[in-house]
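Hi there,

Here is the structure I promised to pass on to you. Have a look at it first, and then read on for my notes on what turned up.

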Amino acid sequence: MSDLLPPGTCPRCGAAHAPLQEYCLACGQRLPTTQGIVGTLAAAWRRRFSWHRGDWIWHALLLLLVTVGATAGAVAASSTKHPAAPATTAPTTATAPATTTAPATTTAPTTTAPTTTETPPPTTTAVNGQTAWPARSNGYTDVLESIPLAAGRAFALARARDAAQHGLPAVGVLVSSDYPSLHPGYYVVFSGVYDSSAAAAAALGTAHARGFPDAYQARVAK
């Protein structure tokens, strides 16, 4: 029945009361406070549960609201005392792109060392073993035979022609007494004019195979 009573009346007896009146003057009932959220909640509670006569619930509810308010204030005060540090963004330093300059390449002038090639003594080749040893030239040769001067030059030339016919190169006859490097007193039947002892030695195999097994290399020098 109390839910049907108009505002500003006592929820128990229905007597009218002033807006800020705390107790009903007719029946002594404590009137609900209509100021703020507490008053609104209290009025609604009394209208719905008017049969409950205990007032302890309002004290507990008020204490709860005060506790919640104090907690919220403490949190707000803590946030004010310790504001969040603003995020600091390190300044970005623009790095200029590295420019790599290739070192200039200097080409050293090419110096060609003079090549000294010892030219073998020139040879004059005649038919039938008539090769003459080059004048004023030193070198190496293969001695096919040494014929005493007493046997005569004609015999030495015949042996030279025979060697030439067997395919031996640059065959000729010289007099050993004209060359200090040779034993004097002989007609020397030779084959080849070489600038080194190794070259003369390499040709000995051919001389041995073509009818002159006793051939040997020798130095011919003026």
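Of the 222 residues in this chain, 26% count as buried. Please keep in mind that this is a predicted model. The chain has five helices and four strands, and along the sequence they follow the pattern α-α-β-α-β-β-α-α-β. Among the contacts with a separation of 6 or more, 54% are between residues 24 or more positions apart.

Let me start with the strands. Strand 1, residues 139-148, runs antiparallel to strand 3, residues 186-194, and seven bridges join the two. Glu145 has Val189 of strand 3 as its bridge partner. Strand 1 also pairs with strand 4, residues 216-220, again in an antiparallel way, here through five bridges. In that pairing, Thr141 is found opposite Ala218 of strand 4.

Which residues make up the salt-bridge network? The structure holds three salt bridges. In one of them, Arg159 meets Glu145 with an N to O distance of 2.5 Å. Arg159 belongs to helix 3 and Glu145 to strand 1, so this pair ties together parts that are 14 residues apart in sequence. Arg159 is partly exposed at 22% relative accessibility, and Glu145 is partly exposed too, at 23%. Arg159 also forms a salt bridge with Asp162, at 3.5 Å from N to O. Those two are three residues apart in helix 3, which means that about one helical turn separates them. Asp162 counts as partly exposed, with 25% relative accessibility. Through shared partners, the salt bridges join Glu145, Arg159 and Asp162 into one network.

Another salt bridge links Glu22 and Arg30, whose closest N and O atoms are 3.5 Å apart. Glu22 is partly exposed with a relative accessible area of 42%, and Arg30 is partly exposed with 28%.

Asp142, in strand 1, is buried but has no salt bridge. How far away is the nearest side chain of opposite charge? That side chain is Arg210, at 11 Å. What does Asp142 touch instead, leaving aside its neighbours within four places in sequence? Its contacts include Val189, Phe190, Ser191, Gly192 and Tyr194, along with Ala200, Ala201, Ala203 and Leu204, and also Tyr216 and Gln217.

On to the aromatic side chains, where the count comes to one aromatic pair. The ring centres of Trp133 and Phe190 are 5.7 Å apart and their planes are at 85 degrees; with the angle over 60 degrees, the pair is therefore edge-to-face. This pair links distant parts of the chain, as Trp133 is in the loop between helix 2 (56-81) and strand 1, while Phe190 is in strand 3, 57 residues apart. Both Trp133 and Phe190 are buried. Phe190 is also one of the residues in contact with Asp142. There is a ring with a charge over it as well: the charged end of Lys222 sits over Tyr179, 4.5 Å from the centre of the ring.

Ala207 is another residue I would point you to. This alanine is part of helix 5, residues 204-209, and counts as buried at 3% relative accessibility. Beyond neighbours within four places in sequence, Ala207 is in contact with Leu144, Leu168, Phe212 and Ala215.

Finally, a word on the backbone. Where do positive phi values turn up in residues other than glycine? One is Arg136, with phi near 55 degrees. Arg136 lies in the loop between helix 2 and strand 1 and is exposed, its relative accessible area being 76%. Ala170 also has a positive phi, of about 45 degrees, and is located in the loop between helix 3 (153-165) and strand 2 (171-175).

That is everything on my side for now. Enjoy looking through it!

Best wishes

Note on methods: Residues numbered from 1 in each chain as written. Predicted model: local features only at pLDDT ≥ 70, side-chain atom pairs only at ≥ 80, totals over all residues. Heavy atoms only, no water. Pairing = 2+ DSSP bridges. Phe/Tyr/Trp six-rings, centres within 6.5 Å; stacked < 30°, edge-to-face > 60°. Buried < 20%, exposed > 50% of the residue type's maximum accessible area, 1.4 Å probe, protein only. Lys NZ or Arg CZ within 6 Å of the ring centre and 35° of its normal. Lys, Arg positive; Asp, Glu negative; His and termini not counted. Salt bridge = Lys/Arg side-chain N within 4 Å of Asp/Glu carboxyl O. Contact = heavy atoms within 4.5 Å.
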